Amino acid sequence: MPELDTADSGAARRLDDLLGRVAAGDRQAFESVYQLASGRLFAICLHVLRDRSDAEEVLQDVFTRVWHKAAQFDRAKAGAMTWLSMMARNRAIDRLRAAPPRPLDDLSVADEIPDFAPQPAQVAEQASDRQRLDGCLDTLEPRRRSLIRLAFLEGASYEELARRIGSPLGSVKSWIRRGLGQLRVCLEQ
């Protein structure tokens, strides 16, 4: 399907002439206008409406109007492609405005949607667990407590921790392993 290049003044003049012939009832000229402009006009409709079937219907309406109103085209005021584009844009906007507002989703299905938020009992249990963990962390030597917090709560790697505190990697791993053992014993009590 040929497409109109608006930078080509020859093609623009041809479209202007074709619209004049459409005004006189020339079906062949109408078909040529459709072939030259329908792709661009459809893109305009689709851009405004965001729905392919609505855009197709508006495009059909636009070309029906072109057939009936081609005599209103005045090349002294605007080029044919501009006139057609404005018609397509305006018809698409009219269609958008005429559409009934979309209803709110049916809220009756809300009862069927699972609630993944923690229940009050779970929240209380988590708070209790957190207090126990904080209490057990407080019993650790400050260096082990700090390394465990950095490794497990902030996601720091063993290598990163060793660089931060300037200690050998093996020592950092050993301190964390011993601290975790102490935590396990404390939490099991």
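How many helices and how many strands does the secondary structure of the protein chain come to? The chain has 8 helices and 0 strands, where helices (H or I, at least four residues) and strands (E, at least two) are DSSP runs numbered from the N terminus. This is a predicted model, in which local features need pLDDT of at least 70 and side-chain atom pairs count only at pLDDT 80 or more, while totals for chains, interfaces and linings use all residues. Residues are numbered from 1 along each chain as its sequence is written, and side-chain values use heavy atoms, with hydrogens and water left out.

**Overall architecture**

- Along the sequence, the protein chain follows the pattern α-α-α-α-α-α-α-α.
- Of the 189 residues in the protein chain, 28% are buried; buried means under 20% relative accessible area, exposed over 50%, and partly exposed in between (1.4 Å probe, protein chains only).
- Contact means heavy atoms within 4.5 Å. Among contacts between residues at least 6 apart in sequence, 59% join residues at least 24 apart.

- Helix H3 (residues 52-69) has 18 residues, which at 1.5 Å a residue should span 26 Å; its end C-alpha atoms are 25 Å apart, which agrees. The expected span is 1.5 Å times one less than the number of residues.
- Ala 55, Val 58, Leu 59, Val 62, Phe 63 and Val 66 are the buried residues of H3. Seen down the axis of H3, these buried residues fall within an arc of 140 degrees, so they line one face of the helix; the arc is that of the directions from the helix axis to the C-beta atoms.
- Gln 60 and His 68 are exposed on the other side of H3.
- The cover over the buried residues of H3 includes helix H1 (9-23), helix H2 (27-49) and H4.

- Arg 50 lies in the loop between H2 and H3 and counts as exposed, at 64% relative accessibility.
- Most residues other than glycine have a negative phi. The phi of Arg 50 is near 60 degrees, a positive value in a residue other than glycine.
- Ser 85 is placed in helix H4 (residues 80-98) and is buried, with a relative accessible area of 16%. Not counting residues up to four places away in sequence, Ser 85 touches Leu 41 and Ile 44.

**Helix H6: span, faces and following residue**

- The 12 residues of H6 should span 16 Å at 1.5 Å a residue, and the end C-alpha atoms of H6 are 16 Å apart, which agrees.
- Arg 144, Leu 147, Ile 148, Leu 150 and Ala 151 are buried in H6. They cover an arc of only 165 degrees around the axis, which puts them on the same side of H6.
- Pro 142 and Leu 153 are exposed on the other side of H6.
- H5, helix H7 (158-165) and helix H8 (169-188) are the elements against which the buried residues of H6 pack.
- Gly 155, which follows H6, has a positive phi, near 80 degrees.

- Two packed helices are described by the angle between their axes and the distance between the axes. Axes are lines fitted to C-alpha atoms, for helices over the stretch in contact, and angles run from 0 to 180 degrees between N-to-C directions.
- Helix H5 (residues 120-138) and helix H6 (residues 142-153) pack at about 140 degrees, with their axes 9 Å apart. That angle makes H5 oblique to H6; under 35 degrees counts as roughly parallel, over 145 as roughly antiparallel, 65 to 115 as roughly perpendicular and the rest as oblique.
- In this contact, H5 contributes Arg 130, Asp 134, Leu 137 and Asp 138, and H6 contributes Arg 145, Ile 148 and Arg 149. These residues divide into 2 nonpolar, no polar and 5 charged; Ala, Val, Leu, Ile, Met, Phe, Trp, Tyr, Cys and Pro count as nonpolar, Asp, Glu, Lys and Arg as charged, and the others, Gly among them, as polar.
- H6 and H8 pack at an angle of about 95 degrees, with their axes 9 Å apart, which makes H6 roughly perpendicular to H8.
- The H6 residues in the contact with H8 include Arg 143, Arg 144, Leu 147 and Phe 152, and the H8 residues include Val 172, Trp 175, Ile 176 and Leu 183. By class, the contact of H6 with H8 has 9 nonpolar, 2 polar and 3 charged residues.

**The loop between H5 and H6**

- Glu 141 is found in the loop between H5 and H6 and counts as partly exposed, at 35% relative accessibility.
- Glu 141 and Trp 175 are 34 residues apart in sequence and 9.7 Å apart in space, C-alpha to C-alpha.
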